[in-house]
Amino acid sequence: MEPNSHLIIPIFLPHLGCPRQCLFCNQKAVAKEIPPPSSVKKFIEKSLQTFSPYSRNKMRQVAFYGGSFTAIKREDQELYLEEVQPFLLSGKVDSIRISTRPDTLDKGILSLLKQYGVKTVEVGAQSLVDEILFHSMRGHSAKETFFAISELRACGFEVGLHLMVGLPGEDRSRFFQSVERAVELRPDFVRIHPTLVLRGAPLENLWRAGDYNPLSLREAIDWLKYGLLRLERESIPVARIGLQPTRELEEYLLAGPYHPALRQLIESAIFYDMAKILLQDFPKGQEAIFFCSTKEVSNLRGQKNENLLKLKKEFRLSRVSIETREDLPREFLGLKIQGREVSIQRKSIRI
């Protein structure tokens with residue numbers, strides 16, 4: 001089930017349990033302090049008060065994010081999980097979610113998680129190519145990720161997979177290889193984050209020495225466009241692309257393809273490709289009227305109408321406009337031109 005169907009109460013444990021600092025990591029750029037177990041109950045109570053009464057049908061999860069939850073001491077895991085139990089028993093919270101490394105999930109840990117009401121485990125693989133994992137100082141192999149997800153599935157957990165794009169040593173083919181292996185794993189959902197150069201992360205030194213060049217924003221959009229379409233084609237939801245914009249992140253950011261609305265840029269790039277496919281069989285210089293769902297208008301337009309302006313110039317359109325149709329599904333685009341109507345669905349784009 002895609003995480004967007006849940007109401008999440010996020011508790012960040014930055015770098016807690018991590019056995020090493022990965023090349024790209026500086027958790028201070030995400031959050032600065034580790035909340036003690038004693039603060040969890042009060043935080044959950046406060047968070048529950050903010051939920052709308054109209055959201056009762058959504059599943060409510062307490063999520064322990066950041067760090068590697070199953071790598072911290074077992075007794076500390078239990079202290080955090082114990083704080084959630086009264087809310088599970090009362091029905092105010094439905095389940096628990098954690099994020100962790102693939103090499104810290106043995107049968108004993110999985111049994112503990114089940115016992116305490118953990119339903120969802122997000123596995124931070126970052127790449128499924130061993131060479132890239134080695135360069136990123138991850139300390140685990142792709143094989144360990146395959147094993148971890150197999151074990152999680154056998155125990156009935158909902159499984160999320162985290163990937164990154166633009167890691168040191170990664171080119172398009174290696175990123176695409178990770179995506180293909182993610183398809184083999186069949187996770188319940190995927191998150192993909194761009195590799196950013198953060199002040200204080202080991203990657204900063206490589207970047208300053210000229211030994212690492214981050215992806216440009218345009219390159220990241222191009223690679224991620226493939227990843228998103230490929231996973232969607234296999235009905236694997238992509239829950240998020242890009243990091244949550246925060247003041248701390250922007251304070252530590254030095255370089256890399258960061259954008260606060262990265263997912264929308266990718267969606268707009270996909271709609272631009274769809275529009276080009278529809279227009280390519282018609283003579284240039286026509287009037288074009290696109291039609292789509294109301295919810296897709298911003299993706300078709302692009303930021304600051306960029307898509308429409310580019311299409312008008314490339315195809316020398318005399319006029320370009322958009323009509324909305326409430327009965328159309330999302331991810332569908334139609335075109336009225338020369339008295340004809342043609343259409344395309346997103347899943348039909350060749351990748």
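Biologist: Is Phe175 buried or exposed?

Modeller: Phe175 is buried, with a relative accessible area of 0%. Buried means under 20% relative accessible area and exposed means over 50%, with partly exposed in between (1.4 Å probe, protein chains only).

Biologist: What kind of model is this, and how are residues numbered?

Modeller: This is a predicted model, in which local features need pLDDT of at least 70 and side-chain atom pairs count only at pLDDT 80 or more, while totals for chains, interfaces and linings use all residues. Residues are numbered from 1 along each chain as its sequence is written, and side-chain values use heavy atoms, leaving out hydrogens and water.

Biologist: How many aromatic pairs are there in the whole structure?

Modeller: A search finds seven aromatic pairs. Rings of Phe, Tyr and Trp (its six-membered ring) pair if their centres lie within 6.5 Å; planes under 30 degrees apart count as stacked, over 60 as edge-to-face and the rest as tilted. Phe12 and Tyr65 form a tilted pair, with 5.9 Å from centre to centre and 40 degrees between the planes.

Biologist: Where in the chain do Phe12 and Tyr65 sit?

Modeller: They lie in distant parts of the chain, 53 residues apart: Phe12 belongs to strand 1 (residues 6–12) and Tyr65 to strand 2 (residues 59–65). Helices (H or I, at least four residues) and strands (E, at least two) are DSSP runs, numbered from the N terminus. Phe12 counts as partly exposed because its relative accessibility is 38%, whereas Tyr65 is buried at 13%.

Biologist: Which kind of aromatic pair do Phe175 and Trp223 form?

Modeller: Phe175 and Trp223 are stacked, at 6.2 Å centre to centre and with 25 degrees between the planes. This pair also links distant parts of the chain, since Phe175 is in helix 6 (residues 172–185) and Trp223 in helix 8 (residues 217–233), 48 residues apart. Trp223 is buried, with a relative accessible area of 7%. Together with Phe176 and Tyr226, Phe175 and Trp223 form one aromatic cluster.

Biologist: Which charged residue lies over the face of Tyr252?

Modeller: Arg199 does, at 4.5 Å from the ring centre. A charge sits over a ring if NZ of Lys or CZ of Arg is within 6 Å of the ring centre and within 35 degrees of the ring normal.

Biologist: Turning to sheets, in what order do the seven strands of the open sheet run?

Modeller: The order is 1-2-3-4-5-6-8, with parallel pairing. Its edge strands are strand 1 and strand 8 (238–241), each of which pairs on one side only. Two strands pair if DSSP finds at least two bridges between them. Strand 1 and strand 2 run parallel and are joined by seven bridges, and Pro10 stands opposite Ala63 in strand 2.

Biologist: Which strands does helix 6 lie across?

Modeller: Helix 6 lies across strand 5 and strand 6 (189–194), running at about 175 degrees to strand 5. Axes are lines fitted to C-alpha atoms, for helices over the stretch in contact, and angles run from 0 to 180 degrees between N-to-C directions. Contact means heavy atoms within 4.5 Å.

Biologist: What about the sheet of four strands: what is its order?

Modeller: That open sheet has the order 11-10-12-13, and its pairing is mixed. Strand 11 (319–324) and strand 13 (340–345) are the edges, each pairing on one side only. Strand 10 (residues 287–292) runs parallel to strand 11, joined by six bridges. Helix 10 (residues 262–279) lies across strand 10, strand 12 (332–337) and strand 13.

Biologist: Which residues touch the most other members of the largest nonpolar core?

Modeller: Of its 87 residues, these are Ile44, Phe64, Leu113, Phe290 and Leu333. Helix 10 gives the largest share of this core, eleven residues. A nonpolar core is a set of buried Ala, Val, Leu, Ile, Met, Phe, Trp, Tyr and Cys residues joined through side-chain atoms within 4.5 Å.

Biologist: One last topic: what is the phi of Lys304, and where does Lys304 lie?

Modeller: Lys304 has a positive phi of about 55 degrees although it is not a glycine. Most residues other than glycine have a negative phi. Lys304 lies in the loop between helix 11 (297–301) and helix 12 (306–314), and it counts as exposed because its relative accessibility is 81%.
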